[in-house]
Amino acid sequence: MLNTLPLLQMQGIEKSFPGVRALSGVNLTLQRGEVLALMGENGAGKSTLIKTLAGAHQPDAGTITIDGKVVSLSSPTAAIEAGIGVIYQEFNLIPELNAWENIFLGREQSGFFVARTQERKRAAELFGQLGLEMPLDVPCRQLSIAQQQLVEIAKALSQDVGILVMDEPSAALTPQEVERLFAIIRDLQARGIGVIYISHRLDEIFEIADTIVVLRDGQYVGEASARDMTREQMIEMMVGRSIEDEFPKQAAQQGDFRLEVLGFSRGNAVRDVSFNLRSGEVLGITGLVGAGRTELARLIFGADARDGGTLLLDGKPLNVRSPQDAIFAGICLLTEDRKSQGLVLCRSVRENFGLPNLKQFSVCGAIREQRERQLFGEYVDSLTIRIPHQDQLAGHLSGGNQQKVVLAKWLQQNAKVLIFDEPTRGIDVGAKHEIYQLMNRLAAGGTSIIMISSELPEVLGMSDRILVMHEGRLKGEITDVKSATQEQIMEIAIG
Amino acid sequence: MKPATSKTQQWTAFTNDYGMVLVLLVLVIAFSLLTLEQMDSTGADAGREVARLIADQYGDSAVVVVVTGQKDGDEEFAAAAVAELQQANVTAVSSISGSPPQAKKTVAAAVARHGRIDAIAATGDSAKWTVFDRVAGVGGEKCVSVEPRKWPKFAKAENILNVANQTAVYAIVAIGMTLVIITAGIDLSVGSLIALSAVTTATVIQMSGGGNAGTAAIVVSCVAGLLAAAAAGFFSGTMITAFRVPPFIVTLAVMLMARGLARRITDEESISDLPQQFRNIAGSTEWSVLGFEFGIPNPVILMIVLYIIAHLLMSKTIFGRYVYAVGGNAEAARLSGVGVKKITLIVYTLCGALAGLGGILQASKLSGDPKLGVMFELDVIAAVVVGGTSLMGGQGRIFGTLIGALIIAVIKNGMNLMKIGSPDQQIVLGAVVLIAVLIDTLKRRGAGS
């Protein structure tokens, strides 16, 4: 290649929001055909940086250069014209339109019928180039998350992008789907497209990235080639201190059977599942997305009605018909989706903390707010929740801090059984570590923990025992966790 | 990230909490200035004021002569003064609108009849007449008059009290609507429930003797009216929670059904043969049963008490927290152990009951008319929205609604005083609602980024 100028250069990017310095002096250089991993904890400024690149935010200072020319990305349209495609965590597809209608949305060619045929043909070509089978004519809401993502990628390619930004593309994908995504990224790389890749899964970064750029607190910390960097070094750069052990598992003393689940069923989602759980035990439940793990948790918690099955708590049958019943009996569920199920985003963090616990600090229905503040304050300290004050709206927090608020709210229940559904999804390394340590402490105190997770290293690293689900059924159990491998689990999970 | 500067934060918090209060104050000041007008020493207003001064000073045994000339406003002055004095039970009143000699004759006649004279109610002009000095036992110093001065019509005590009284029923019904809207719902049926309650109450009174009904019968009939409306609210709540019919549709249906029911109960007639005791509920300033007398119309006192209770309920109790949580995120609330259906049901029932209370007050003020409360729901929703409660649910304040109701009432009253016609008033009120929602949306966007 004759052109040796870097594809993209961002220099001294600064951006402030009222009261917050989101970016100060961030530099980034992306070459043609390079995969650059943008790393940092939640709130480090990754999203803001991407939004300046997407034309959604205007930087206060700094220059953006593409192919040696300084560009002004004054709007999302300007960014697309400059050849920048961004695939956000939340997709921008219209659920009722099909794949190719979404791809050409807003760029329809005139001449209604002719253009439609051409568009469909062009879309088929795009997927062909990617080596993919894609149902072209079904509405996007019927596609799987992985397929929707591929539609987004095809959409970006159809716009002749030179730079493709992917924000947490693997968060909702199964391991095989991630492999296929990587194959596509390598293909894009071969075509000379520069990719900026954001993920919290460190394994992936080392597999796919050429260069790693680390941000912390809105500042550029440094960059290195992925080959020259170790996992520990990267974590240290992100967190600002070293974390010795990624999974600080301490096995707790196990007691009697705490929870016994017998023959739980609900339609095809959960089929005849039976297992038990001792006090002080951490039980990992894993499987592919859609294997019925979350559905099982919701049945135990009474969030959905079950078709059949019996639940025993401490040897006694328990009739759980609603979350209210479950909480009263001492079973709590930290849902997988914090924003839609875990928190009331438009209310304060303190109110969210109080929601299941109000009866503990109220007299005849009147809340003793001081007591509530005091109790929540203790969790703010012990869980290091970063909030300016207790009346901060829950929606204004970063993912990790939101998860900690949810944790605080359930910890106050002193539950006998705590079900964590994807407890570390979208959470940065530092906060993950704190959550693992918390699990240790809870187990040591006799709490039984069910940990549902798709991240196999986490399941292997933190569980005393592992259950693997497949298509609604319990497919296997691993008791000797120390000598188990990811491959062993995957083999069971695939069925 | 650095924390936001405390100054901006304080300012945002301040405008969030008190922005609407500021708007209300600005409106009050603006209307006071716009309705500033010359208060003459003659004319009906001056006559009433002079009469009140005299009645307050000398009591009902006063001997009074009203004396005016024959200029513009003088006869109105005399008529108003006489009427006002009679209302204050002052019986020894004579009146003359004419020349000074005629006045002298009338004053002398009054002295001859009663042996004395306490006061002469006079206009600015007639107070300067010297003829009074020539009647034995009377002097110019007996004259009571008012100085001509500028005073805003809007800021008169009776007008302010009038505004508060007109707001009261809207504001009371708006409490229930605020709760409903905080749960991310809507209740279109409140206007019809006012009619249903009013008609039910009036019908039960009629059955127990109409104008002669006793205290017990009145209490029973009020309870019946309240229960009828609360039952309708409970019905709406049941449809919404048990069958998941959207609140808009359910309450639209109930709006039609309740209105039809109200018309059917009275055969489209209005029941106006109601006992004085029932009239006094909304029509007096006295709490006859409790024996208090505040000098403030009863609905206004009721409104203030209910607002304090509702504020405490929503900000200090578990119930209030649950209501906010249900509106903010019903699924998260349910998964936190909140009985979402129970809370929703209670909220709609409460809203119905408060509309029922509004109906009783309207019946007491006017009559048991099935046409009461038409379009009422829209004014109530407007008050809630202007008060800053978000239609998205989960956010809003009780006192915000009170301020919202007052803002709307002040705008209406101010425009009436300025003699702005009803069509223009509607345009302005529509714009006010739109601006309120716009501010809410912009605030939300500002907070989101």
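This is a predicted model: local features need pLDDT of at least 70, side-chain atom pairs count only at pLDDT 80 or more; totals for chains, interfaces and linings use all residues.
**Entry 1: strand β9 of chain A**

I started with strand β9 of chain A, residues 211–216. I counted five of its six residues as buried, so the strand is largely enclosed by the rest of the structure. I then looked up its partners. Strand β3 of chain A, residues 35–39, runs parallel to β9(A) and is joined to it by four bridges. Within that pairing, A:Ala37 stands opposite A:Ile212. Strand β10 of chain A, residues 219–225, runs antiparallel to β9(A), and six bridges join the two. A:Arg216 has A:Gln219 of β10(A) as its bridge partner. The hairpin of β9(A) and β10(A) has two residues between the strands, and I noted that A:Asp217 takes a positive phi near 50 degrees there.

**Entry 2: positive phi elsewhere**

I checked two further residues with positive phi. A:Cys364 is not a glycine, yet its phi is near 50 degrees. I placed A:Cys364 in the loop between β17 (362–363) and β18 (366–367) of chain A. Is A:Cys364 buried or exposed? It has 6 C-beta neighbours inside 10 Å and the limit for exposed is 12 or fewer, so A:Cys364 counts as exposed.

B:Ala184, also not a glycine, has a positive phi of about 70 degrees. B:Ala184 sits in the loop between α5 (157–182) and α6 (190–207) of chain B. I found 19 C-beta neighbours inside 10 Å for B:Ala184, which makes it partly exposed; buried would need 20 or more.

**Entry 3: where chain B meets chain A**

I looked up the contacts between the chains: 27 residues of chain B are in contact with 33 residues of chain A. On the side of chain B that touches chain A, α11 (318–328) and α12 (330–335) of chain B each supply at least two residues. α11(B) gives the most to that side, with six residues. By type, I recorded 11 nonpolar, 11 polar and five charged residues on that side of chain B.

Chain B is divided into domain 1 (44–149) and domain 2 (157–448). I noted that the C-alpha centres of these two domains of chain B lie 47 Å apart.

Helix α13 of chain B covers residues 340–365, 26 residues in all. From first C-alpha to last, α13(B) reaches 38 Å, close to the 38 Å expected at 1.5 Å a residue. I found 21 of the 26 residues of α13(B) buried, so to speak of it as mostly covered is in order.

**Entry 4: the sheet with β2 of chain B**

I traced an open sheet of four strands in chain B, in the order β3-β2-β4-β5, with parallel pairing. Its edge strands are β3 (92–97) and β5 (143–144) of chain B, each pairing on one side only. β2(B) and β3(B) pair over six bridges in the parallel sense. In this pair B:Val63 stands opposite B:Ala92.

**Entry 5: B:Lys71**

I went to the loop between β2 (63–68) and α3 (74–87) of chain B, which holds B:Lys71. B:Lys71 has 13 other C-beta atoms within 10 Å and is therefore partly exposed. Leaving out residues up to four places away in sequence, B:Lys71 touches B:Thr42 and B:Asp125. I also looked up B:Ser126: B:Lys71 is 55 residues from it in sequence and 11 Å from it in space, C-alpha to C-alpha.

How values were computed:
Residues are numbered from 1 along each chain as its sequence is written. Chains are lettered from A and ligands numbered from 1 in the order in which they are written. Two strands pair if DSSP finds at least two bridges between them. Two residues are in contact if their C-beta atoms, placed from the backbone, lie within 7 Å. Ala, Val, Leu, Ile, Met, Phe, Trp, Tyr, Cys and Pro count as nonpolar, Asp, Glu, Lys and Arg as charged, and the others, Gly among them, as polar. Domain bounds come from an automatic or database domain assignment. The expected span of a helix is 1.5 Å times one less than its number of residues.
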